[in-house]
Amino acid sequence: MKKVIFAIIISSLLSGCVYRSTAGAGKDFDQTKISSIQKGKTTESDLLSSLGEPVKKEVVSADETKWIYEKITSTAAVRVFSTKPKIDTKRKALEVLIKNGVVTNYAFTDNATSNYK
């Protein structure tokens with residue numbers, strides 16, 4: 001009888017245990033500096049001094065490039081005795097279109113998602 005009670009106690013304790021794993025990609029940036037970006041005025045060197053080097057630069061045309069600042073963080077959590085992990089993802093991104101060294105447009109997104117797989 002003691003073994004059965006012990007097994008029930010251990011099972012109930014383990015059922016509350018959660019294993020977590022976190023992964024990240026990109027480089028964080030100060031989103032408060034985005035308000036200082038002015039279309040037609042802000043230059044590449046202005047961006048470098050306020051936000052730093054972007055994670056990626058894409059060539060759009062001969063005189064246009066897109067700079068991408070991005071930070072992605074994912075956390076997966078699995079309960080013991082469960083087959084469905086919960087995955088939370090947070091993505092913060094700033095895409096800046098630059099023509100001839102000057103910002104022509106930009107877009108900022110900041111969102112989070114939660115999924116049960």
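**Starting from E70**

Analyst: E70 lies in strand β3. One caution at the outset: this is a predicted model.

User: Is E70 buried or exposed?

Analyst: E70 counts as buried, at 18% relative accessibility. The cut-off for buried is under 20%.

User: What does the side chain of E70 make a polar contact with?

Analyst: With the side chain of R91, at 2.8 Å. The E70 and R91 side chains also meet in a salt bridge, with 2.8 Å from N to O. E70 is in strand β3 and R91 in strand β4, so the pair ties together parts that are 21 residues apart in sequence.

User: And R91, how exposed is that one?

Analyst: R91 is partly exposed, with a relative accessible area of 26%.

User: Which residues is E70 in contact with, leaving aside the neighbours within four places in sequence?

Analyst: A25, G26, K27, F29, V55, R91, K92 and A93.

User: Back to salt bridges. How many does the structure hold?

Analyst: Eight. One of them joins K66 and E95, at 3.6 Å from N to O. K66 belongs to strand β3 (residues 64–79) and E95 to strand β4 (residues 86–99), so this pair ties together parts that are 29 residues apart in sequence.

User: What about E53, which residue does it form a salt bridge with?

Analyst: With K57, where the closest N and O atoms are 3.1 Å apart. E53 counts as partly exposed at 40% relative accessibility, and K57 counts as partly exposed at 46%.

User: New topic, aromatics. How many aromatic pairs are there?

Analyst: The count comes to two aromatic pairs. F29 and F108 form an edge-to-face pair, 6.3 Å centre to centre, with 85° between the planes.

User: Why edge-to-face?

Analyst: Because the angle between the planes of F29 and F108 is 85°, and planes over 60 degrees apart count as edge-to-face.

User: Where do F29 and F108 lie?

Analyst: F29 is in the loop between β1 (18–26) and α2 (44–51), while F108 is in strand β5 (residues 102–116), so the pair ties together parts that are 79 residues apart in sequence.

User: Which residues form the aromatic cluster?

Analyst: F29, Y69 and F108 form one aromatic cluster.

User: Which charged end sits over the ring of F29?

Analyst: That of K92, 4.7 Å from the ring centre. In another case, the charged end of K39 sits over the ring of Y106, 5.9 Å from its centre.

User: What else does F29 touch, not counting residues up to four places away in sequence?

Analyst: The list is I34, L51, Y69, E70, K92, A93, L94 and F108. E70, where we began, has F29 among its contacts as well.

User: Now the core. Which residues make up the largest nonpolar core?

Analyst: Eleven residues in all: F29, I34, I37, L47, L51, W67, Y69, L94, V96, I98 and V103. The elements giving two or more residues to this core are α2, β3 and β4.

User: Which element gives the most?

Analyst: β4, with three residues. As background, nonpolar side chains tend to be buried together in soluble globular proteins.

User: Zooming out, what does the secondary structure come to?

Analyst: Two helices and five strands. From the N terminus on, the elements run α-β-α-β-β-β-β.

User: How much of the protein do buried residues make up?

Analyst: Buried residues make up 17% of the 117 residues.

User: Last one: of the contacts with a separation of 6 or more, what share is between residues 24 or more positions apart?

Analyst: Residues 24 or more positions apart account for 57% of those contacts.

Note on methods: Residues numbered from 1 in each chain as written. Predicted model: local features only at pLDDT ≥ 70, side-chain atom pairs only at ≥ 80, totals over all residues. Heavy atoms only, no water. Phe/Tyr/Trp six-rings, centres within 6.5 Å; stacked < 30°, edge-to-face > 60°. Helix = DSSP H or I, 4+ residues; strand = E, 2+ residues; numbered from the N terminus. Lys NZ or Arg CZ within 6 Å of the ring centre and 35° of its normal. Salt bridge = Lys/Arg side-chain N within 4 Å of Asp/Glu carboxyl O. Buried < 20%, exposed > 50% of the residue type's maximum accessible area, 1.4 Å probe, protein only. Core = buried A, V, L, I, M, F, W, Y, C linked by side-chain atoms within 4.5 Å. Contact = heavy atoms within 4.5 Å. Polar contact = N/O pair within 3.5 Å; in protein donor to acceptor, adjacent residues only side chain to side chain.
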